[in-house]
Amino acid sequence: MSDFIIEGGQRLAGELPVAGAKNLALKAIAAALLSPETMRLSNVPEIEDVKRQLEILTRLGAEVSHPEHGVYTISTAPVRSGAMPRELVNKLRASTVLTGPLLARFGKVELSHPGGCKIGRRPIDLFLRGFQALGAEVKEVPGKAYQLRAKRLRGGRIVFPKVSVTGTETMMLAAVLAEGKTELVNAALEPEIGELAVYLNAHGARISGAGTPLITIEGVAEIGAGSFVMMPDRIEAGTFIMLALATASSVTITRCEPKHLEVPLALWRDMGAEFELGPASVTVGKARALQAVDVKTHEYPGFVTDLQSSMTVLLTQAQGHSLVHETIFEGRLFFADILNQMGADITLCDPHRVIIQGPTPLEGRTIEAPDARAGLALLTAALAAKGTSTIKNIYPIDRGYERLEERLLALGAHIQRA
Ligand code: EPZ
């Protein structure tokens with residue numbers, strides 16, 4: 001396992017390009033299963049999660065080529081069954097999304113409790129409910145897994161009692177080839193879902209309402225495939241903006257989509273930060289004392305839970321006290337005790353809420369990255385801290401961020417992979 005060694009306290013400067021969206025690429029790969037034609041993905045982030053998701057497809061018999069950096073072609077015509085390798089499914093929550101196309105195409109798939117970031121229980125009840133609404137039979141099998149069967153999925157009305165991003169995406173993909181009309185009620189609004197629908201419709205699918213709470217899908221017999229360029233990763237862009245703010249650096253984040261960050265930008269402005277927005281860039285203005293604000297995470301377009309970890313770090317450097325209310329996951333605030341070891345003053349009120357008293361100077365420490373987003377948040381804290389930090393076991397960071405140290409070194413950060 002490799003570590004990051006970080007010398008904190010440096011002001012950073014320069015440009016930080018954002019990679020393609022991880023949480024779109026993982027679903028685009030799943031969409032490749034819906035068509036016998038070859039899909040060509042570009043602007044794909046070269047990260048562990050993408051490699052894992054492609055590995056599952058390859059193990060199922062798909063032909064995957066990697067002609068150049070960030071470009072993959074996928075042909076799933078040779079795939080004959082939906083039997084996914086358990087050891088790979090256990091590494092990746094996004095593998096759940098594969099069950100939608102696999103069930104639609106092969107009429108049989110196993111749904112097990114997927115792995116991925118330890119940020120909460122990550123239940124799959126909404127998936128079982130969705131597949132049953134599409135006519136699948138669900139049988140529990142040993143090992144906390146379910147066998148799903150359906151000769152041919154038929155359209156149905158799926159009401160999500162709570163918003164689920166991958167739940168929405170999985171059912172949308174399954175419904176594309178189902179017989180008849182499917183309605184997803186209380187669907188997630190994330191921009192990646194709209195992008196997926198635009199790609200699928202361009203190749204014969206009939207999806208309307210993606211990006212709204214009601215998505216309607218008219219099933220078709222078959223769809224084609226073609227080129228799919230990944231949109232910028234809004235989570236990477238947001239975490240990099242907070243990395244600049246926490247290190248009092250003026251940095252330009254490029255190749256991003258500012259309109260996906262309107263709510264976080266409003267909150268950062270309330271803290272006193274200043275930005276210059278370009279069509280595909282955000283320049284973080286020169287440092288000024290930041291004021292504390294309260295944050296409540298919410299489904300898109302609210303303050304997205306994936307930015308909460310870095311925001312918690314940023315608030316330790318802001319003047320005053322703030323309440324961070326993480327409404328989506330019950331295990332996403334426990335990394336606060338690592339920040340306290342670095343000198344922060346954070347009180348964990350309950351699994352969903354912390355109160356932060358700032359500003360507190362941070363000291364370098366030897367720490368471990370618990371998940372992708374907390375990993376980048378701790379790296380941000382290490383860059384803002386005085387002295388040297390070692391982040392052990394950085395695989396969780398490599399799951400979500402490509403060539404991170406290379407991009408940070410270009411800004412003058414003192415970071416090395418050991
Ligand atoms: C997606 O996870 C993202 N992952 C997460 O990003 C993101 O944090 C999350 O959406 C919320 O925006 C991918 O897209 C691969 P949910 P997902 O289903 O779909 C509960 C990252 O760092 N729920 O929207 O798994 C669940 O427990 C990752 O990139 C059920 O109760 O999240 C949570 O409380 C981390 N039953 C809430 O819904 C279910 O069957 C929202 O979860 C499914 C979910």
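## Helix 4 and its surroundings

Helix 4 is followed by G107, a residue with a positive phi, near 70°. This structure is a predicted model.

In soluble globular proteins, nonpolar side chains tend to be buried together. Here, the largest nonpolar core holds 75 residues. Which members touch the most others? They are M172, V176 and L200. Helix 1 (residues 22-31) gives this core its largest share, 7 residues.

Take L200 as an example. Leaving aside residues up to four places away in sequence, L200 touches A31, L34, M172, L173, V176, A205, I207 and I223. A second core is separate and has 69 residues. Among them are A273, L314, A377 and I397.

## The ligand site

How many residues surround the ligand? The count is 23, and the closest are K27, S164, T166, D306 and I328.

The side chain of K27 has an N or O atom 2.7 Å from an oxygen atom of the ligand. S164 also places a polar side-chain atom 2.7 Å from a ligand oxygen. L126 uses its backbone instead: an N or O atom there lies 2.8 Å from an oxygen atom of the ligand. How much of the ligand is covered? Alone, the ligand exposes 820 Å², and the protein buries 93% of that.

## Aromatic pairs

The structure has 3 aromatic pairs. One of them joins F240 and Y401. Their ring centres are 6.5 Å apart and their planes meet at 45°. Planes under 30 degrees apart would count as stacked and over 60 as edge-to-face, so this pair is tilted.

The pair links distant parts of the chain. F240 sits in helix 8 (residues 234-246). Y401 lies in the loop between helix 13 (395-400) and helix 14 (404-409). The two are 161 residues apart. F240 has 1% relative accessibility, so it counts as buried. Y401 is buried too, with a relative accessible area of 1%.

Another pair is W268 and F275. Their ring centres are 6.2 Å apart and their planes are at 55°, so this pair is tilted as well. Both residues are buried.

Note on methods. Residues are numbered from 1 along each chain as its sequence is written. This is a predicted model: local features need pLDDT of at least 70, side-chain atom pairs count only at pLDDT 80 or more; totals for chains, interfaces and linings use all residues. Side-chain values use heavy atoms; hydrogens and water are left out. A nonpolar core is a set of buried Ala, Val, Leu, Ile, Met, Phe, Trp, Tyr and Cys residues joined through side-chain atoms within 4.5 Å. Buried means under 20% relative accessible area, exposed over 50%, partly exposed in between (1.4 Å probe, protein chains only). Helices (H or I, at least four residues) and strands (E, at least two) are DSSP runs, numbered from the N terminus. Contact means heavy atoms within 4.5 Å. A residue is near a molecule or strand if one of its heavy atoms lies within 4 Å of it. A polar contact is a pair of N or O atoms within 3.5 Å; within protein, one must be able to donate a hydrogen and the other to accept it, and residues adjacent in sequence count only if both atoms are side-chain atoms. Accessible areas come from the Shrake-Rupley method with a 1.4 Å probe; for residues, only the protein chains shown count as cover. Rings of Phe, Tyr and Trp (its six-membered ring) pair if their centres lie within 6.5 Å; planes under 30 degrees apart count as stacked, over 60 as edge-to-face and the rest as tilted.
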